[in-house]
Amino acid sequence: MRQRVSIVKIVDCDFEAAVQEAIEQAGGLSDLIRSDSRVLVKPNLCKPFPSGSGVVADARVTEAVTRAVLDCGPASVTIAEGAAVGYDDGSFSTEDAFTVSGTAAVARRLGVRCVNLNSDVPVPVEVPEPRAMDRVLVARTVLESDVVISVPVLKTHNRANATIALKNMYGALPGTEKRAGHMLGINNTLIDLFSVLRPSFSVVDGSVAMEGRWRSPQDSRLMGLVLAGRDALATDLVGCALMGIDPDSVLYLRRMTEWDGEVSGIGDVDIVGESLLEHAECFKSAFQVFLEDFPGVQVVQGPGSCGGCMSELETALRHLKGAGYEQAMNGLTILVGAPGEFNDGDKVAVIGECSAEINNGWPAATGCPPSEDDVIEALCAACGADPALVMSVRDDTRREVWDSSRDLIER
Ligand code: SF4
C-alpha cells in the first residue's frame, strides 16, 4: 500500500500558508470532514512551554490547522490534550500547557473549546492482540470524535526513541492510564494503543524540532518545515528520516510496518513538496545524552537495538544511581540489540530477547522488551548491587512524584 506525505517549507514565518499547502499536498481535509463531523485537533502540549521552543506544538500551527478544519464547516471542533503525567520525573498541568503555549488564546480567538484529556472520562477499548494491555482506557472526548487530527512536533524521545504523529496520541489516555501504560511497559502499550486508535490526519510542526532530551534551547533544531499526511505511520517514517532516526530503532514503528496492509517502509511513501534528502539531519538520541551522566558505563548496541530496551535500561540505570551504586557501576558493560563485537569486562549484563544468543553466563534480562524489574535484576547481578534496594528507591521516587501531582490527573 502506498501513502503520501508532504514536506513544506515555512517561508517568511507564514505558518498559515505552509500548513495549508502541506494539508493540500497531502490530499486535503474536504473528503474527511463533513457538516456533521465532530473534529478533534490534538496538539502535542506535553509540558507548559512556549511556542517556538520545539518542546510543544507551535500555537501558530495549531491555529492554522484549526482554521483549515473550520473552513470545512464541521458540526464541532475541539482542541484537546492531556499533558505528561510523569513516570520517574515530574507531572505537568494541561491547563498551564494550553496557556503558556498560546493554544488557549487560539481557542478563544476561533471560538472552539479546549479539553483536558487527563481528567476526561475513561472509556475502555478492547485490544484484539494485546502485548501489554487487553483493554486500554481512552478519553471519551477522543472516542466521540469522528475525525482526529494529530498535531505533533518532530522530536526524539527518551522511552520510544522518536515521538511524532502516532506517539502524540498517547495524550489521548486519561492521566492514570498513562501511568498504567508505563508500568506495563510503554513500548508494548504504544503498539496496543495504535492497534485501536490512530489519527485520521496528521500535521507535524517541524518549525523547531527537538533532539536529545529536549533541553531548551540547546537541544532545539531550527528546521522551518511542516509535514502532513493521512497515514500517521507513513508520516512518522518520513519524520524519522528527517531526524536521521532508523525507524527500526523505534519499536512501535518496527512492529507496525510488519502488519498487513500497512506501509512496510519509507519506500512505500510518496514524498511530495520539499526534498527529504535536502532537509534530513542527524539528531542526537535521548539515550545518547542520558548516558553522558554515566561515564563509567558502556552500552554496546547491535543492529537490533531499539527504544524498547532503552526505556527499561534508562529506568534501571537511573535508579541504580539513585540507590547509591554509582561507584559499583563503573566498568559495567551492557549488551543490547545483539552486538557482533564488543570488549567485555568484569561486569557484563545482556539485555533483551534479540541478544539472547550471547550466552556467556552473564546476567541477562530476556523479553522483547524485558520487564523493568528483570533489567534491574540483571544490572544489579552484574555489578553486585541489591535489586530490592534499587526497586524500593524507585518505588519511593515514583510515589513522591505521583502523590505530588494527583490533582493534575484526577477529576
Ligand atoms: S529485545 Fe530489546 S532491543 Fe531487541 S527488538 Fe526487543 S525491545 Fe528492541
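Helix 12 (residues 307–322) packs against helix 14 (residues 387–404) at an angle of about 100°, with the axes 9 Å apart. Axes are lines fitted to C-alpha atoms over the stretch in contact, and angles run from 0 to 180 degrees between N-to-C directions. Helix 12 and helix 14 are therefore roughly perpendicular (65 to 115 degrees). The model is predicted: local features need pLDDT of at least 70, side-chain atom pairs count only at pLDDT 80 or more, and totals for chains, interfaces and linings use all residues. Residues are numbered from 1 along each chain as its sequence is written.

His 319, Leu 320 and Gly 322 of helix 12 meet Val 390, Val 393, Arg 394 and Thr 397 of helix 14 (contact: C-beta atoms, placed from the backbone, within 7 Å). The residues of this contact divide into three nonpolar, three polar and one charged.

Helix 8 covers residues 232–243. Helices are DSSP runs (H or I, at least four residues), numbered from the N terminus. Twelve of the twelve residues are buried, so helix 8 is largely enclosed by the rest of the structure (buried: 20 or more other C-beta atoms within 10 Å of a residue's own, all placed from the backbone). Among them are Asp 236, Cys 240 and Met 243. Just after helix 8, Gly 244 takes a positive phi of about 75°.

Around the ligand lie 13 residues (C-beta atom, placed from the backbone, within 6 Å). Gly 308, Cys 309, Gly 352, Cys 354 and Cys 368 come nearest. The shell divides into seven nonpolar, five polar and one charged (Ala, Val, Leu, Ile, Met, Phe, Trp, Tyr, Cys and Pro count as nonpolar, Asp, Glu, Lys and Arg as charged, the others, Gly among them, as polar).

Key:
Helix = DSSP H or I, 4+ residues; strand = E, 2+ residues; numbered from the N terminus. Expected span 1.5 Å × (residues − 1). Parallel < 35°, antiparallel > 145°, perpendicular 65-115°, else oblique. Contact = placed C-beta atoms within 7 Å.
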